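Colleague: Could you take me closely through the salt bridges of this protein, and show where each pair sits in the fold?

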Amino acid sequence: MSHPDPYGNTESRGWDRPALPWPDTDLEPGPWRPGPAAHSHPAEPDTYARPAGPDTYAGPDTYAGPDTYSGPYPTTSRHHDGPGRYDGPPPGGRGRPDGPEHRGPWGEPARDDEYPTAQIAPVRDEPTEQIPAVRDEPAPTSEPDPPAGRRGPGRRRASAERPPSTAPKASRAGRNLPAAIGVGVALGAAVVVPLFFFMPAFLAVLATAVGIGIWEMARAVRRSGAHPPLAPLVAGGVITVGLAWYAGPDALCLGLLVTVLGTMIWRLGDGPGNYQRDLTAATLIAVYVPFLAGFAAMLAAAPGDGHLRVLVTLAAVVLSDTGGYAAGVSFGKHPMAPTISPKKSWEGFAGSVTAAAAGSAALLWALFDVAPWWGALFGMAISVSAVLGDLAESMIKRDLGVKDMSNLLPGHGGLMDRLDSILFAVPVAYLLLAVFVPVVS
C-alpha cells in the first residue's frame, strides 16, 4: 500500500520507516531538506532491506545500508557492529573533525548529545582590574531625606562639651523610682490630710479607692474568661465600707452578704452560661477589696484616736515596704518565693520586719504609751501580713498572666498594687490595737 508523501512529493512511498533494533531517543524531527545521502558503514547483512517492487521508493532519501537511514528526518546515525552491540557515537559527532565525510544526512554537522560541551568555547581567565567595583547602595526608604543641616529627632552630635546621650537605666526593683516616690507621696497626702482635718473626706477617699480596686480586679479576671458584673460589685463595696464606718463589725459582715447576694441576682440576667465561674470571681473580689477595706473604716471610726490608729498602721506598712526594698536591693541573694515573686528575698523580708518593728515600737510608745516590746510585736505582725498580702496579689497576677493590675499610677502600676499590703494589714492592726489600746466609748 502506498502512502502519500507528507513533505509534498507526489510520488508514493512503498515502505514505512523501519523500526531500529536499538532505542534511538536522540532523534529529533526537523524540517525536510534535500541533500546528499548520509555516510555509510561497511556492508553488513541488510536485515531491513525489502525487495524492489512497484511501490519501492528510490528518491534522495533512500535507505542506503543496514545502519543508515537517510529518510526525511535528519538524524545522526550510530555505529552498530552487530546485534546488541553499541560502539560509541558515529563519525562526525561533536568534538570530531568537521569534514564532508563527517556531516549529517543533509549536509549539516552531525549532532551527538553524548558530548554536550564539546563545541562550547573554553572559559578564559579575564583580568579583574577592568571590572568596575561594586558599590553598596543604601536601601530605598519611603521616608524623605531630612533637609541639609538638620538631624533627625533624637540624634545629636557628641562632643567634649556635649557627651552622648544614654537611655535611663531602670532600677533593680524594676520600676521608675522617682515616679514611684512622687506618686507614693501624693497618695500619702491624699490619705493623711483628710484624716487629720476632715474625717468624712477620708471616708470618701476610702470609698473611691474601693471602687477603683474593684474595677481593676474585675478587669484583670476577665483574662481568665470570668465576667463578674461590675455595677453590683462597686455599689455593694461602697455600701460595705459605709456600714463598717457607721455600725462596726456586724454591719461589715452584713454589707459583704448584701454584695454577694446582689451580684448573684444581677448575674441571673445574663443567662446560665459560666454562672458559677462569674459568681466565684465576684465573691473573691467582694471579700478581697471592700470587706478587708472595711477594717480601715472601723479603725478610723474609733472615737477619739481613730486617726492615730490609721496613722500607725499605715506607717508600719510603709516602713515594712521601705525596709524590704532597701535590704533587698543591697543584700538580697536568696529568693523568698521565686515562682510567685522572684524579686523578693529573705534578706528583704528581714529588712521589712526589722524596720516595721523598730518604727512601730517608737510610734506606739509615743502616741499610745504602749510598751516598746508590744509595739515591736505590732510592727512585726503588720510586716508579715503586708508581705503575705503582696505575695497573695502576686500569685493572683501570675495566675491571670498580668504584670500589673492596671497602669493607673506611674511607677506603681494599678491602685491594687499599692493596696495589696494595706488590705491584709488593716484586719491585723484592728485586732492588735483592740488588745493593746482598748477603745474608750
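Modeller: Both Arg267 and Asp278 are buried, and in this predicted model their side chains meet in a salt bridge with a nitrogen-to-oxygen distance of 2.8 Å. Arg267 belongs to helix H4 (residues 249-267) and Asp278 to helix H5 (residues 275-300), so this pair ties together parts that are eleven residues apart in sequence.

A second salt bridge joins Asp390 to Lys344, with 2.9 Å between the closest N and O atoms. Here the partners are Asp390 in helix H8 (residues 372-400) and Lys344 in strand E2 (residues 341-345), so the pair connects parts that are 46 residues apart in sequence. Asp390 has a relative accessibility of 18% and therefore counts as buried, the cut-off being under 20%.

Helix H8 also holds both Lys397 and Glu393, which are four residues apart, or about one turn of the helix. Their closest N and O atoms are 3.9 Å apart, and the pair forms a salt bridge, since the limit for such a pair is within 4 Å. Lys397 is buried at a relative accessible area of 11%, and Glu393 is buried as well, at 1%.

As for the setting, the count of salt bridges comes to five, in a protein of nine helices and two strands. Buried residues account for 38% of its 441 residues. Of the contacts between residues at least 6 apart in sequence, 68% join residues at least 24 apart.

Definitions and conventions:
Residues numbered from 1 in each chain as written. Predicted model: local features only at pLDDT ≥ 70, side-chain atom pairs only at ≥ 80, totals over all residues. Heavy atoms only, no water. Buried < 20%, exposed > 50% of the residue type's maximum accessible area, 1.4 Å probe, protein only. Contact = heavy atoms within 4.5 Å.
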